[in-house]
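Reader: I am new to this structure. Please show me how to read it, one feature at a time.

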Amino acid sequence: MDDSVKVVSNPTVSVRLTSTLSSFEVNRRFNRGITVAEFKSKLELVIGCPAASMDLQLFSTSDKFLQNLDDNEALLGSYPVDDDCRIHVIDRSGTLSGAFSDLSKVEKFEISDDAYEKRADSVRNFKKNMKLGRFNEEDMAKREEAFVQKEEEEKAALASITVGKRCQVQVAGQPTKIGTVMFVGTAEFKPGYWVGVKYDEPLGKNDGSVNGKRYFECEAKYGAFVKPLTVTVGDFPEEDYGLDEI
């Protein structure tokens, strides 16, 4: 009878990988027969830093530090690497210090507006040649004309809208709302003319104030600011939900 003892070792090992570049942990299986240098090359695709910039630390299954994997010529299996051990990758390429993620440390190319204007290969020159955006004078003239016309229509609509009047608000894509006009005029939050409305129901967006400036008083979610052309003033009594009936 052969009393000799045979030790069978799995040719592969499954390890947990962590790094100084990420807070995530991943699991990968590797061949024990590869060298540490080859192991680092495979880690490049997983960790994302150059193999030459890696320092490897081996931890047990209970995350107790065991030793450094510092011999690039040694086989991975020559170290006490077991399934579920953790190998921590320390990156020395500069990413950890923010050398490549902190844009304030990156030297930027700057060019004066006059020099940029003279370049033939710039986006601005391309838009000029193709008459796009603000370089399309005809289109810009039409936009300006439409803007002026809409502003005049809003100003005309304001003539019939006064504070205290009942109104109906119809904004495209939203249900019709009933309320009371609380503010009419220009505001600081956006250019143009605005109408502040206190709705009968909590269908608004604010309490009559925007960005810390108050334009009128109402409960939260009852106030809103809309464009004059969406407001119709008239006899719009509050809904009677029969709450006073027995």
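Author: Start with Ser122, which sits in the loop between H2 and H3. Helices (H or I, at least four residues) and strands (E, at least two) are DSSP runs, numbered from the N terminus. This is a predicted model: local features need pLDDT of at least 70, side-chain atom pairs count only at pLDDT 80 or more, and totals for chains, interfaces and linings use all residues. Residues are numbered from 1 along each chain as its sequence is written, and side-chain values use heavy atoms, with hydrogens and water left out.

Reader: Is Ser122 buried or exposed?

Author: Buried means under 20% relative accessible area, exposed over 50%, and partly exposed in between (1.4 Å probe, protein chains only). Ser122 has a relative accessible area of 7%, so Ser122 is buried.

Reader: What does the side chain of Ser122 reach?

Author: Here the idea is a polar contact: a pair of N or O atoms within 3.5 Å; within protein, one must be able to donate a hydrogen and the other to accept it, and residues adjacent in sequence count only if both atoms are side-chain atoms. The side chain of Ser122 reaches the backbone nitrogen of Asn125 at 3.1 Å. Asp121 is also in the loop between helix H2 (113-118) and H3. Its side chain makes a polar contact of 3.1 Å with the side chain of Arg119. Asp121 counts as exposed because its relative accessibility is 59%.

Reader: How many salt bridges are there in the whole structure?

Author: Side chains of opposite charge can pair when their charged atoms come close. The cut-off for a salt bridge is a side-chain nitrogen of Lys or Arg within 4 Å of a carboxyl oxygen of Asp or Glu. A search of the whole structure finds twelve.

Reader: Which residue forms a salt bridge with Arg16?

Author: Asp84 does, with the closest N and O atoms 3.4 Å apart. Arg16 lies in strand S1 (residues 12-19) and Asp84 in the loop between strand S4 (65-68) and strand S5 (86-91), so the pair ties together parts that are 68 residues apart in sequence. Arg16 is buried at 8% relative accessibility, while Asp84 is partly exposed at 39%. Both belong to a network of salt bridges that links Arg16, Glu25, Asp63, Asp84 and Arg86.

Reader: Where do the side chains of Asp113 and Arg124 meet?

Author: They meet in a salt bridge, 2.9 Å from N to O. Asp113 is in helix H2 and Arg124 in helix H3, so this pair ties together parts eleven residues apart in sequence. Asp113 counts as partly exposed at 49% relative accessibility; Arg124 counts as buried at 18%.

Reader: What is the volume of the largest pocket?

Author: Rolling a probe the size of a water molecule over the atoms shows where empty space is left. On a 1 Å grid over the protein atoms alone, a pocket is an open set of points where a 1.4 Å probe fits, with protein on both sides within 12 Å along at least five of seven lines; lining residues have an atom within 4 Å of a point. A volume is the space filled by probe spheres set on the points, which are joined across faces, edges and corners. The largest pocket has a volume of about 220 Å³.

Reader: Which residues lie nearest its centre?

Author: The lining has 14 residues, and Val171, Gln174, Lys205, Phe225 and Val226 lie nearest the centre. Strand S8 (193-199) and strand S11 (223-226) are the elements that give two or more residues to this lining. S11 gives the most, with three residues.
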